[in-house]
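Here are my notes on the model you sent, as numbered points. They can be read alongside the structure.

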Amino acid sequence: MATMADVARSAGVSVATVSHVLNDTRPVLPHTRQAVLDAVDELGYTPNSLARSLVTSRTRSIGLAVSAISNPYFTEILQGVEAGALEHGYSLLIADPHDDPKHEQRVVRLLHERRVDGMIVAPSADPGDLVAYLGRHDVPTVFLDRLVDVPSDGTARFDQVGAENAEPMTRLVTHLADLGHRRIGLVAGLPGLSTTNERISGYRHGLAAAGLPHDERLVARGDSEAAGAERATTALLSLAAPPTALVTANNAMTIGALRALRGRGLSVPDDLALCCFDDFAWADLFAPRLTVISQPSKEIGAQAVRLLLDRLAAPDRPSRTLRLPSTFVHRTSCGCPDHPHSSEKGPVS
């Protein structure tokens, strides 16, 4: 089995230079770097990651705790995290908290015990114990998508990244109001999540901007999942004066709302206009094609990795919160004419 010394002899450089190339710890001239990489390929050298971690106290691994199995939105975020991690030579250990605060605590503790260098977490609706644990153990952490209130006394530093929520939701509501709708319902997400709170706020601002009253009966809890949204939509449709338009606050709830409408024999947009927060791969294949707010999911994941690597490089720097713009994708479920080759897209921030 080839050793680092063998690579150094073959490339005509020192062992230290080979180490700098493989670990990216110091700039190396391009031709020298290429000579080392060529020698690695020729000799079939495989770095001993375990031995390196014992020396450096770094495992070059990142713990990722997101509900990717139970929430399809996080699948694209996961792709962005994975691409960013691999680009910088990090591996991922992935756990699904299932949006359960107790299970969240267990999986984060397990990731920490695996000696990951840092964590990227999409927190649950009740993240108090999680924040306390990460702060107490000084775990470099980035919160993504769902932002949390973090200690302001300097005892913990957490970076955060997510999309804009309020203004994009306002745009969906005002768009429906511009089409003549006066009773616009909202299927809202899981209480306690920052995304839920911000999208409800955007919904209310949209009503106010359109000169429409806020009717609490038109807001139903879908709990961020399809089954809950199906129940919520059914409840809204059962009102004495049901909504003529509906906004769903994530892609899983869009599926639940469509099931409820189909169960009632209602069509979109003839019987009820529909707009959705979150785009997904088949949204343009529905009949009608779904008008949505598209979040920059992969970029959120990539930015989370960058924030974490910056934190690892400078542990004492001030914490940062990044907000990325979302995009309004204008299709036909809102009741507008179909122009399949000229969908209006515009950033919302």
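1. I start with helix H2, which covers residues 15–23. Its buried residues are Thr 17, Val 18, His 20, Val 21 and Asn 23. Just after H2, Asp 24 takes a positive phi of about 55°. Please keep in mind throughout that this is a predicted model.

2. Most residues other than glycine have a negative phi, and most peptide bonds are trans. His 98 is a residue other than glycine with a positive phi, near 60°. The loop that holds His 98 runs between strand E2 (91–95) and helix H6 (101–113).

3. With 5% relative accessibility, Asp 145 falls in the buried class.

4. The sheet comes next. Its 6 strands lie in the order E2-E1-E3-E4-E5-E11, and the sheet is open, with parallel pairing. E2 and strand E11 (321–324) are the edge strands, each pairing on one side only. From one strand to the next the twist averages 20°.

5. Within that sheet, the pairing of E4 with E5 is parallel and runs over 4 bridges. Leu 144 stands opposite Val 161, a residue of E5. Helix H7, residues 128–136, packs on the sheet and touches strand E3 (118–121), E4 and E5. The direction of H7 makes about 155° with that of E4.

6. Thr 141 is worth a look in the viewer. This residue belongs to strand E4 and is buried, with a relative accessible area of 0%. Which residues does Thr 141 touch, leaving out those up to four places away in sequence? They are Met 119, Val 121, Leu 134, Phe 158, Asp 159 and Leu 308.

7. On ring pairs: how many aromatic pairs does the structure hold? There are 2. One is formed by Tyr 73 and Phe 74, with 5.2 Å from centre to centre and 55° between the planes, a tilted arrangement. Tyr 73 is buried at 7% relative accessibility, and Phe 74 is buried at 0%.

8. Why is the pair of Phe 143 and Phe 158 described as tilted? The ring planes stand at 45°, and planes under 30 degrees apart would count as stacked while those over 60 would count as edge-to-face, so this pair falls in the remaining class. The ring centres of Phe 143 and Phe 158 are 5.2 Å apart. The pair links distant parts of the chain, with Phe 143 in strand E4 (residues 141–144) and Phe 158 in strand E5 (residues 158–163), 15 residues apart. Phe 143 is buried at 0% relative accessibility, and Phe 158 is buried at 3%.

9. A charged side chain also meets a ring. Arg 199 lies over the face of Phe 277, at 4.0 Å from the ring centre.

10. Helix H8 (residues 166–178) has 13 residues. From its first C-alpha to its last, H8 reaches 18 Å, close to the 18 Å expected at 1.5 Å a residue. Its buried residues are Pro 168, Met 169, Thr 170, Leu 172, Val 173, Thr 174, His 175, Leu 176 and Ala 177. Just after H8, Gly 180 has a positive phi of about 105°.

11. Which geometry does the bond from Val 268 to Pro 269 have, cis or trans? The bond is cis, with omega near 0°. Pro 269 sits in the loop between helix H11 (251–263) and strand E9 (273–277).

How values were computed. Residues numbered from 1 in each chain as written. Predicted model: local features only at pLDDT ≥ 70, side-chain atom pairs only at ≥ 80, totals over all residues. Heavy atoms only, no water. Phe/Tyr/Trp six-rings, centres within 6.5 Å; stacked < 30°, edge-to-face > 60°. Buried < 20%, exposed > 50% of the residue type's maximum accessible area, 1.4 Å probe, protein only. Helix = DSSP H or I, 4+ residues; strand = E, 2+ residues; numbered from the N terminus. Lys NZ or Arg CZ within 6 Å of the ring centre and 35° of its normal. Expected span 1.5 Å × (residues − 1). Pairing = 2+ DSSP bridges. Axes fitted to C-alpha atoms, helices over the stretch in contact; angles between N-to-C directions. Contact = heavy atoms within 4.5 Å.
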